[in-house]
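Here are my notes on the model you sent over.

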Amino acid sequence: MKESILLMAVLLLGAATGYGQEKKTNIDYDLSAETAVGTGRHTAYQLVTNRHHVLSTRPNTAYLRGAVTADHALGNDFMLSGAIDMVASVHADHKAYLQQCYGNISWRKFFLEVGSREQRQVLRNERLSIGHFAKGTNAKPIPQVHIGTSDFWTVPYTKGWLQIHFDGGYGKLMDNSYRKEAFRKAPNVNQGYTTGAYYHQKHFYFRSNPEKVVFITAGIEHVALFGGTNYAYTGAWGEGQEMAAKSKPANLKAFWKVILPVGDKNYFENNAMEDWVYGNHLGSITYQIGWNITKQHQVQAYLDVPFEDGSGMRKGNGWDGLWGMEYTNKAPGRQWIRGAVVEYFQSTNQSGPLHYDGGDYPEPIRSQITAKVTGNDNYYNHMFYDSYTHHGMTPGIALITSPIYNKDGRTQFRDNRVKAWHVAVEGELTDRLSYLVKGSYREGWGTYQQPLVEKHHSFDAMVQGNYQWNNWMFSGAYAFDKGNIYGDCSTFNIKIGYHGKIL
């Protein structure tokens with residue numbers, strides 16, 4: 001993070017000096033304030049989800065936010081850019097922190113970036129969809145070094161018929177203190193915690209020409225946690241038991257091995273049973289088809305298939321996935337309906353309830369087991385890395401309730417077997433006034449290891465109005481939750497924002 005701040009300082013200095021020569025530099029700033037007031041145990045779900053965990057899950061919260069963004073042209077094709085973005089909150093888990101701090105150098109549509117940035121969803125509508133399974137927008141940004149394309153890039157010599165979008169890099173989770181404190185508060189329900197974990201992410205998407213009447217998109221996203229040190233009880237769960245520390249390597253070999261979830265030839269050495277595949281891997285495979293009804297109206301249907309191991313990649317997890325349809329209105333001017341999404345999400349199968357594989361046992365047991373059942377994928381949970389979270393929130397699909405909401409303080413996902421429907425629509429009422437309405441209904445059955453005694457359910461909805469006046473943006477919203485997941489919550493929300501230019 002210190003390196004990112006230094007890089008951004010150099011960027012701003014370079015931009016300021018470059019401005020005196022010719023108009024190649026832009027420096028913008030954004031100021032905003034937001035408050036959420038209401039009743040219930042939490043701020044209503046729809047106000048918090050898929051917003052990079054800026055607004056706290058705690059009720060009756062508020063924040064002030066300020067950001068400076070700069071870009072400087074280096075010739076015709078190169079661009080140097082970056083930002084510093086700070087948040088100060090009240091009645092939140094984090095009082096004051098850097099939300100974003102990054103530097104970026106780009107050539108046409110290709111870039112190299114260092115730092116912490118709120119990454120955008122590539123294929124899903126950020127305002128309407130529930131998002132990607134692995135690389136979503138629900139948690140605080142993870143600092144990383146990565147390369148990729150800023151948009152779909154047309155492959156030369158394909159006459160515009162093939163476009164690709166890729167991104168890949170390495171980062172590090174910054175929530176060591178949070179994980180340690182969460183374990184300290186609830187040692188009786190948590191086996192342990194892991195600090196210092198590294199993060200690897202990548203995606204590859206292929207798309208045919210989107211200007212044609214029908215076009216297709218397909219690809220894969222993949223993330224992995226590796227390295228770090230796990231502190232866990234060696235005996236039975238509970239306070240007072242002896243804890244042992246076990247570290248995973250994060251050397252150059254580890255950075256290479258984590259690119260693909262391959263087997264470990266030293267699987268049985270040092271009782272490292274969880275090392276059959278090095279690291280915690282998850283992701284999804286996407287199939288999507290689009291239809292341009294006219295130049296202004298487009299419909300897309302899609303399926304994102306989640307995976308946590310090979311059985312999920314082989315679609316051994318039944319109907320699990322995000323099944324969706326999106327309508328987009330590209331017509332200029334005021335449109336009563338600008339976009340709409342209908343999605344169904346299921347994660348109940350997880351390749352079946354059992355995992356029984358001879359490869360999980362040393363000899364002489366291994367050769368005696370002839371049956372093989374590779375199920376119980378246990379989405380977002382892991383034996384060594386505890387859970388796929390950052391500061392208690394999943395970076396993936398928020399319909400799998402994040403551990404930050406667990407009443408008992410458990411740091412793993414208690415309810416990852418869910419079925420849910422999600423609907424959202426947005427549009428413009430006047431030239432200045434727009435609206436956003438969305439709602440989700442979900443049911444959950446716990447995990448295969450620990451089924452829920454009583455089925456979880458929740459209906460969560462929000463209506464929001466946004467008014468644009470010159471550089472000012474005013475937003476008002478009301479959201480509520482009904483059910484036994486978040487409880488009955490009712491929240492009023494007000495946000496004021498201003499965008500200005502320094503240069």
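**Notes on the model**

1. Of the 503 residues in the protein chain, 51% are buried. Keep in mind that this is a predicted model. As for the surface, the accessible area of the protein chain is about 23700 Å², and carbon and sulfur atoms account for 61% of that.

2. On contacts: take those in the protein chain between residues at least 6 apart in sequence, and 63% of them join residues at least 24 apart.

3. Next, the rings. The structure has 28 aromatic pairs. One of them is Phe166 with Phe204: the ring centres are 6.3 Å apart and the planes sit at 20°, so this pair counts as stacked. Phe166 belongs to strand 8 (residues 163-172) and Phe204 to strand 9 (residues 192-207), so the pair ties together parts that are 38 residues apart in sequence. Phe204 is partly exposed, at a relative accessible area of 40%.

4. Another pair to click on is Phe226 with Phe255, which is edge-to-face, with 5.0 Å from centre to centre and 90° between the planes. This one links distant parts of the chain too: Phe226 is in strand 10 (residues 214-233), Phe255 is in helix 4 (residues 252-257), and they are 29 residues apart. The cut-off for buried is under 20%.

5. Back to Phe166 and Phe204 for a moment: ring pairs link both of them with Trp107, Phe110 and Trp153 into a cluster.

6. Two charged side chains sit over rings. Arg124 lies over the face of Tyr302, 3.7 Å from the ring centre. Lys257 has its charged end over the ring of Tyr278, at 4.7 Å from the centre.

7. Which residues make up the nonpolar patch on the surface? They are Leu74, Phe78, Ile105, Trp107, Leu112, Val145 and Ile147, and together they have about 590 Å² of accessible area. Strand 4 (96-107) and strand 6 (144-149) are the elements that give two or more residues to the patch. Val145 is in strand 6 and is partly exposed, with a relative accessible area of 45%. Trp107 also turns up in the ring cluster of point 5.

8. Have a look at Ala477 in strand 23 (residues 472-483). Ala477 is buried, with a relative accessible area of 8%. Leaving out residues up to four places away in sequence, Ala477 touches Leu47, Met462, Val463, Gln464, Thr491, Phe492 and Asn493.

9. Finally, two backbone angles. His52 has a phi near 60°, a positive value in a residue other than glycine. His52 sits in the loop between helix 2 (45-48) and strand 2 (61-74), and counts as buried because its relative accessibility is 12%. Lys159 also has a positive phi, near 55°, and is likewise a residue other than glycine. Its place is the loop between strand 7 (153-154) and strand 8. Lys159 is exposed, with a relative accessible area of 79%.

Notes:
Residues are numbered from 1 along each chain as its sequence is written. This is a predicted model: local features need pLDDT of at least 70, side-chain atom pairs count only at pLDDT 80 or more; totals for chains, interfaces and linings use all residues. Side-chain values use heavy atoms; hydrogens and water are left out. Rings of Phe, Tyr and Trp (its six-membered ring) pair if their centres lie within 6.5 Å; planes under 30 degrees apart count as stacked, over 60 as edge-to-face and the rest as tilted. Helices (H or I, at least four residues) and strands (E, at least two) are DSSP runs, numbered from the N terminus. Buried means under 20% relative accessible area, exposed over 50%, partly exposed in between (1.4 Å probe, protein chains only). A charge sits over a ring if NZ of Lys or CZ of Arg is within 6 Å of the ring centre and within 35 degrees of the ring normal. Patches are made of residues with over 30% relative accessible area and no salt bridge: like charges are joined within 9 Å, nonpolar side chains (Val, Leu, Ile, Met, Phe, Trp, Tyr) within 5 Å. Accessible areas come from the Shrake-Rupley method with a 1.4 Å probe; for residues, only the protein chains shown count as cover. A salt bridge is a side-chain nitrogen of Lys or Arg within 4 Å of a carboxyl oxygen of Asp or Glu. Contact means heavy atoms within 4.5 Å.
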